[in-house]
Amino acid sequence: MTTVPAEKSGASEAHSDATSSPEDTGAGSADTAAGEQPSPPAFILYMQGPAYAKELRQLTLWTHHVLLPVYGREASSGLPWCPVWWNHAEAVAHLHGLWLAWGDLTGPGSPPSGPAQWHRDYLLPAMSALRDAAGPFAGCKPGMHRPKEAPQVDAVDPFGPPSAPS
């Protein structure tokens with residue numbers, strides 16, 4: 001998977017993009033006919049190319065302008081954070097799910113208890129997994145990214161049809 005760094009934008013655009021929900025930004029939505037229910041936003045790990053880049057930019061704006069200023073806490077060996085978090089697929093997946101839930105539970109039409117539910121059911125588990133000393137940012141420090149290798153497997157599809165001899 002190729003990740004695309006977020007572009008720098010003006011403060012007013014960054015603020016409006018960061019505080020909007022995925023539904024407001026059209027994330028993963030398609031044009032629908034009158035009366036049809038829109039399809040749910042696509043999960044970022046299924047996206048590629050320009051769709052992935054656009055979604056990652058929106059996620060980055062929300063992460064940098066909403067999530068981290070309020071919930072970021074200082075990075076340490078016990079609470080790591082990577083300065084280029086978008087280079088960690090696991091972090092992108094956690095943060096995208098967190099952002100989608102944010103849109104559902106804190107946006108227009110959400111229940112009054114939505115923010116409390118978002119904190120309890122989504123924010124705390126996601127941030128605990130991300131900031132865990134053995135989590136995706138293990139070894140990363142302020143100003144330093146440490147790439148991670150995926151676990152090795154002996155065969156990608158061990159129960160699939162046998163491959164033809166070369």
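Visitor: What makes His-96 count as buried or exposed?

Guide: In this predicted model, His-96 has a relative accessible area of 0%. The word buried applies under 20%, so His-96 is buried. His-96 sits in helix α4.

Visitor: Which residues is His-96 in contact with, leaving aside its neighbours within four places in sequence?

Guide: They are Ala-42, Phe-43, Ile-44, Glu-55 and Leu-59.

Visitor: How many helices and strands does the protein have?

Guide: There are 5 helices and 0 strands. Read from the N terminus, the elements go α-α-α-α-α. Of the 166 residues, 33% are buried.

Visitor: How many residues are in the largest nonpolar core, and which of them have the most contacts inside it?

Guide: That core holds 27 residues, and Trp-62, Trp-85 and Trp-118 have the most contacts inside it. Helices α3 (49–71), α4 (89–106) and α5 each supply at least two of its residues. The most come from α4, which gives 8 residues. In soluble globular proteins, nonpolar side chains tend to be buried together.

Visitor: What makes Cys-82 and Cys-140 buried or exposed?

Guide: Relative accessibility is 0% for Cys-82 and 5% for Cys-140. Buried means under 20%, so Cys-82 counts as buried, and so does Cys-140.

Visitor: How do you know that the side chains of Asp-121 and Arg-120 meet in a salt bridge?

Guide: The distance from N to O is 2.6 Å. A salt bridge asks for a side-chain nitrogen of Lys or Arg within 4 Å of a carboxyl oxygen of Asp or Glu, so the pair qualifies. The structure holds 1 salt bridge.

Visitor: Why is Asp-121 called partly exposed, and why is Arg-120 called exposed?

Guide: Asp-121 has a relative accessible area of 33%, while Arg-120 has 55%. Exposed means over 50%, and partly exposed lies between that and the 20% limit for buried. Therefore Asp-121 is partly exposed, and Arg-120 is exposed.

Visitor: What is the nearest side chain of opposite charge to Arg-131, and how far away is it?

Guide: It is Glu-74, at 8.6 Å. A salt bridge requires a nitrogen and an oxygen within 4 Å, so Arg-131 has no salt bridge, although Arg-131 is buried. The side chain of Arg-131, a residue of helix α5 (residues 114–131), reaches the backbone oxygen of Leu-79 at 2.7 Å. Not counting residues up to four places away in sequence, Arg-131 touches several others, including Arg-73, Pro-80 and Trp-81.

Visitor: What makes Arg-73 buried or exposed, and where is it found?

Guide: Arg-73 is found in the loop between α3 and α4. Its relative accessibility is 71%, and exposed means over 50%, so Arg-73 counts as exposed. Phi of Arg-73 is near 50 degrees, a positive value in a residue other than glycine.

Conventions: Residues are numbered from 1 along each chain as its sequence is written. This is a predicted model: local features need pLDDT of at least 70, side-chain atom pairs count only at pLDDT 80 or more; totals for chains, interfaces and linings use all residues. Side-chain values use heavy atoms; hydrogens and water are left out. Helices (H or I, at least four residues) and strands (E, at least two) are DSSP runs, numbered from the N terminus. Buried means under 20% relative accessible area, exposed over 50%, partly exposed in between (1.4 Å probe, protein chains only). Lys and Arg count as positive and Asp and Glu as negative; His and the chain ends are not counted. A polar contact is a pair of N or O atoms within 3.5 Å; within protein, one must be able to donate a hydrogen and the other to accept it, and residues adjacent in sequence count only if both atoms are side-chain atoms. Contact means heavy atoms within 4.5 Å. A nonpolar core is a set of buried Ala, Val, Leu, Ile, Met, Phe, Trp, Tyr and Cys residues joined through side-chain atoms within 4.5 Å.
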